[in-house]
Amino acid sequence: PLKRKLYTETLPENAVPGISDSGVKVVVRMRPPNKEEEEGEIIVQKVTSDSLSINGQTFTFDSVANTDATQLDIFQLVGAPLVENCLAGFNSSVFAYGQTGSGKTYTIWGPANALLEENLSSDQQGLTPRVFERLFARINEEQIKHADKQLKYQCRCSFLEIYNEQITDLLDPNQRNLQIREDVKSGVYVENLTEEYVSSMKDVTQLLMKGLSNRRTGATSINAESSRSHSVFTCVVESRCKSVADGISSFKTSRINLVDLAGSERQKLTGAAGERLKEAGNINRSLSQLGNLINILAEISQTGKQRHIPYRDSKLTFLLQESLGGNAKLAMVCAISPAQSCKSETFSTLRFAQRAKAIKNKAVVNEV
Ligand code: ADP
């Protein structure tokens, strides 16, 4: 196994240039109540910019986005810093966590019809198109600003789905059951996964449309719309520059991961049998492993005591291990409904969010 960067080693804030010791940024986003919920009781209220109350209990995070928060607000909270972190050379990820119907997909992609719109300023656009719009604009600025050093960026994207503990290439859905590999040179990667170069919003939109149309949604007797897969959109951003004065070249690489997790609700197995039952167990494996790791990492950050971290126990945690306590900046958007009918799942999401808050990642600029 590779030697992992030590997340327990604590450095004073900004002690070493290029190393960031920040924790996980946790944003809770509350979607507006739907028609049915409007008739029932609303039990979650935003209290301050970073706290909310539910049944008289107060929870504090980095930020709380109320029901009226726009897609642009979420971009400014999470997306814009992600782009700047990435350009500074840090690996940067956003995870959307929450029960089915809480607004994860809305947050990460936006409604499907908004993606189809050529008009990129559509209010409904989710984080991903906004992140790439900003990324390309900033790359352009940086290349002009550092033209004397011949600064050049190159971006390549991949899009995969983890479903039933199997990885499918969403850009080439004939490629199923892909394997995760790890080596010293490349770190953790998915063997044979399609990677496409992108240099404009048009390129990214095409990839997103293609990949999203290849996503599958499992139908159960409980919830036909339930999203039972995890999807991961990744962009590797590489930059090269040359200093005219000393003729030395430098090479920086960082990656962006945008992750739409499967619904976090306890799988109700009513009516599920055979494949569906197995699938429910496996989907739980990736999510429950994520929960486990968050608990372990939170404990390590709090006590400073090392212990084994079972990254390889699920596809999701193996693939995204770098984002979890490793070399990455991580933002977690935890999506909730304000309604009484979602109370127990909302509590469970808020507890997950609190534990995530306790993790310390250690992000390092990958520069040679
Ligand atoms: P999930 O991905 O968590 O299953 P969705 O993103 O599909 O949930 O959201 C469920 C429904 O609620 C969708 O119809 C979506 O458009 C709507 N919705 C979610 N969040 C918001 C929001 N912040 N504002 C308006 N509508 C929202």
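Of the 368 residues in the protein chain, 41% are buried. The model is a predicted one. Its protein chain contains nine helices and 16 strands. Among the contacts in the chain with a separation of 6 or more, 72% are between residues 24 or more positions apart.

**Burial of strand β7**

- Strand β7 spans residues 92–98, and seven of its seven residues are buried, so the strand is largely enclosed by the rest of the structure.
- In a regular strand, side chains alternate between the two faces of the sheet.
- In β7 both faces are covered: one side carries the buried residues Ser-92, Val-94, Ala-96 and Gly-98, and the other carries Ser-93, Phe-95 and Tyr-97, which are also buried.

**Pairing of strand β7**

- Strand β7 runs parallel to strand β14 (residues 249–260), and five bridges join the two.
- Within this pairing, Ser-93 has Asn-257 of β14 as its bridge partner.
- Strand β7 also runs parallel to strand β15 (residues 329–336), to which seven bridges join it.
- Cys-334 in β15 stands opposite Tyr-97.

**Surroundings of the ligand**

- There are 14 residues around the ligand, of which Arg-31, Gly-103, Lys-104, Thr-105 and Tyr-106 come nearest.
- Helix α3 (residues 104–108) contributes three residues to the shell around the ligand, the most of any element.
- By residue class, the shell comprises eight polar, four nonpolar and two charged residues.

Note on methods:
Residues are numbered from 1 along each chain as its sequence is written. This is a predicted model: local features need pLDDT of at least 70, side-chain atom pairs count only at pLDDT 80 or more; totals for chains, interfaces and linings use all residues. A residue is buried if 20 or more other C-beta atoms lie within 10 Å of its own, exposed if 12 or fewer, and partly exposed in between; C-beta atoms are placed from the backbone. Helices (H or I, at least four residues) and strands (E, at least two) are DSSP runs, numbered from the N terminus. Two strands pair if DSSP finds at least two bridges between them. Two residues are in contact if their C-beta atoms, placed from the backbone, lie within 7 Å. A residue is near a molecule or strand if its C-beta atom, placed from the backbone, lies within 6 Å of it. Ala, Val, Leu, Ile, Met, Phe, Trp, Tyr, Cys and Pro count as nonpolar, Asp, Glu, Lys and Arg as charged, and the others, Gly among them, as polar.
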